[in-house]
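Walk through this model with me, from its domains to the contact between them and then to its sheet.

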Amino acid sequence: MAKYQIATIEGDGIGPEVCQSAVTVLQETCGAGVLDFNQYPGGATHYVRSGFVLPEDTFQACRDSHAIFHGAAGMPDVTYPDGTEVGNDLHLQLRFKLDLYANVRPIRLYQGDFSPLKNRASGEIDYVIVRENTEGLYASRGAGVSLRGEVVTDTLVMTRKGIERVARFAFDLSRKRNGAPRDGKRRLTVCDKANILRSYAFFRSVCDEVSKDYPDVEIDYAYADAITVHMVKKPDFYDVIVAENMFGDIISDLGAATVGGMGIAPSGEVGDTHGLFQGAHGSAPDIAGQNIASPLATVLSGALMLRWLSDRHSDSSLLASAQRVERAVEAMLSEKIAIPRDLGGNASCTDVTEAILKHLT
Ligand code: ATP
């Protein structure tokens, strides 16, 4: 029996194709008997068929497996009566039921050509955004107040426990990295609007308290509006950024754009006991089923999953496998063997997969 059970939900749109690509790469790099990818239904298409976006069996498998691997979920025309998309509920339910409080979004420039920024070389942008994933403004989803069709409110929620744990996660992550590309310094940037709202001032003060336990990591602050400028003008300054839920959501898409776009942006949503890994992009129904989607974000999310499993189970062979995948992606992109369409090339999903497989050393 394989050592690690991975609950796998391919989902909608390009989900199945990018997921299959990543599974092939991960199985090849880890070797036989290490990862067992078990398929479970879920997503918007499944909801149309069954009335369930996350069936109970799928949830139980996710809860009981070592990790969860996901393609993408959502179809624009599959919505609830209030207009919100059904597909999002798949990972939102998993996020809250399994308490996946840290949304990890690595931002790494693999090729200077992929960046819309001038004169940025490969590796010069290399930081991680840690988005608080269970509180903040999005905590109110489905629970805001709508009064007589005239006044609507959503409440921004912050708790000491919620901030402390995500701050600690972000500081620990900085300790595992090599610092910011600009100066090699381990640095945690707290992204907030502490100058405007009490909730954000509280976020900052709790991060400050936690920083006392991490004297080796420099603490830095940036207002959410200012950081959008810094991420464009001095992206090499950043190592790890921690942000409230909605700010983290917004700045991680901006970060992805600076390194080539959503098709190369991985993500992991993790808590103390569970982890869910998927590309940062959506299900892109406009290009689904044509073998033209880029599997890079999903493949790199798979590498992130291996890193997380390696930490949790003190299994250094998984870390080596993750590094092998990342090196293969870097090598095949720098040799311009198979550049996907969203990065300016014309390689298909299968071309990219094969090129990665060839570069696994
Ligand atoms: P969501 O709100 O679920 O994140 P979205 O509607 O914002 O999704 P996506 O589904 O990510 O957006 O798609 C936006 C566009 O980006 C698509 O039309 C598609 O052309 C492109 N895109 C997204 N992912 C990929 C990918 N992996 N490869 C190539 N192009 C992609």
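The domain assignment, automatic or taken from a database, gives domain 1 (1-111 + 272-361) and domain 2 (126-258). This is a predicted model: local features need pLDDT of at least 70, side-chain atom pairs count only at pLDDT 80 or more, and totals for chains, interfaces and linings use all residues. Residues are numbered from 1 along each chain as its sequence is written, and side-chain values use heavy atoms, leaving out hydrogens and water.

The C-alpha centres of the two domains lie 24 Å apart. Each domain gives 19 residues to the contact (heavy atoms within 4.5 Å). Domain 1 and domain 2 bury about 1800 Å² between them, 50% of it on carbon and sulfur atoms. That area is the accessible area (1.4 Å probe) lost on putting the two parts together, summed over both. Tyr101, Arg105 and Ile107 supply 41% of what domain 1 buries against domain 2.

Five salt bridges cross this interface (a side-chain nitrogen of Lys or Arg within 4 Å of a carboxyl oxygen of Asp or Glu). Strand 4 gives the most to the domain 1 side that touches domain 2, with seven residues. Helices (H or I, at least four residues) and strands (E, at least two) are DSSP runs, numbered from the N terminus.

10 strands form an open, mixed sheet in the order 2-1-3-12-11-4-5-10-8-9; pairing requires at least two DSSP bridges. Strand 2 (35-39) and strand 9 (218-223) are the edges. Strand 1 (residues 4-11) runs parallel to strand 3 (residues 67-72), joined by five bridges. Gly11 stands opposite Ala72 in strand 3.
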